Amino acid sequence: MNEIENKSQYIENVQKGERNMKRNTDLDGLIARTLNGETMAYAEVYEQTSDSLYQTIRFLVGNAEDAQDIVQETYLEAHRYLHRFDRSRPFRPWLMGIALRQTKACRKRRWLQLRKIGKAAQYGRAQEEDFSGQIADRLDYNGLAEQIERLPYKLKQIIVLRYLNDYSQEEMAETLNIPLGTVKSRIHTALERLRQEADGASAKSSVKREFEMGGKRS
């Protein structure tokens, strides 16, 4: 059974690699055309990459309006510096790196604004309806989305890139501009935190069930 599962996983990984290779080749052609001045080519780059980028940023900032602004600023900056992009490397991690820097700047601006008006405690991170998209679907298991939401921002980034965007550890290191060892350490820490939360939630659920059963027996 394990041999069959291993073969199935191997085939799935090969197919995924082929899809990624084709996707990167398509993007490389569009980037070349963009650098040659074709406006519509960059519009196609946006069409192919913006959904997953928005979903990631939306999850990180918890606010649809901020996420839309960050995505817009990301593509403006990417277009401005596209001539510096090393086309021997994948485009998506480079783009995500810009988005994460924009996210950090947005969070800093937001905090400064809230601090200035003295309402930081009232800043709610309400989850609008559009949060129920693909990312929510992939996380909505035993409250996992809520557990990830409670992680420190640096650990949340790691989980989002690794398990929602399927980035390799090397791509994460490049995107976040941190050493590979730091990526591995943060993955371990984030998963350990999530395990602890899951164990705590399970224990609370067991106590609650025992209490309810005790009430019924009495």
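Predicted model: local features only at pLDDT ≥ 70, side-chain atom pairs only at ≥ 80, totals over all residues.
Me: How many aromatic pairs does a search of the whole structure find?
Reply: The search gives 5 aromatic pairs. One of them is Y42 with Y75, at 6.4 Å centre to centre and 70° between the planes.

Me: What geometry is that for Y42 and Y75?
Reply: Edge-to-face. The cut-off for that class is over 60 degrees between the planes, and this pair has 70°.

Me: Where do the two residues sit?
Reply: Y42 is in helix α2 (residues 39-61) and Y75 is in helix α3 (residues 64-80). They are 33 residues apart in sequence, so the pair ties together separate parts of the chain.

Me: Is Y75 buried or exposed?
Reply: Y75 is buried, at 5% relative accessibility. Y42 is buried too, with a relative accessible area of 12%.

Me: What about Y46 and Y75, how are those rings arranged?
Reply: The ring centres of Y46 and Y75 are 4.8 Å apart and the planes are at 65°, so this pair is edge-to-face.

Me: Which residues form one aromatic cluster?
Reply: Y42, Y46 and Y75.

Me: Changing topic: what lies over the face of Y163?
Reply: R162 does, at 5.6 Å from the ring centre.

Technical notes:
Residues numbered from 1 in each chain as written. Heavy atoms only, no water. Phe/Tyr/Trp six-rings, centres within 6.5 Å; stacked < 30°, edge-to-face > 60°. Helix = DSSP H or I, 4+ residues; strand = E, 2+ residues; numbered from the N terminus. Buried < 20%, exposed > 50% of the residue type's maximum accessible area, 1.4 Å probe, protein only. Lys NZ or Arg CZ within 6 Å of the ring centre and 35° of its normal.
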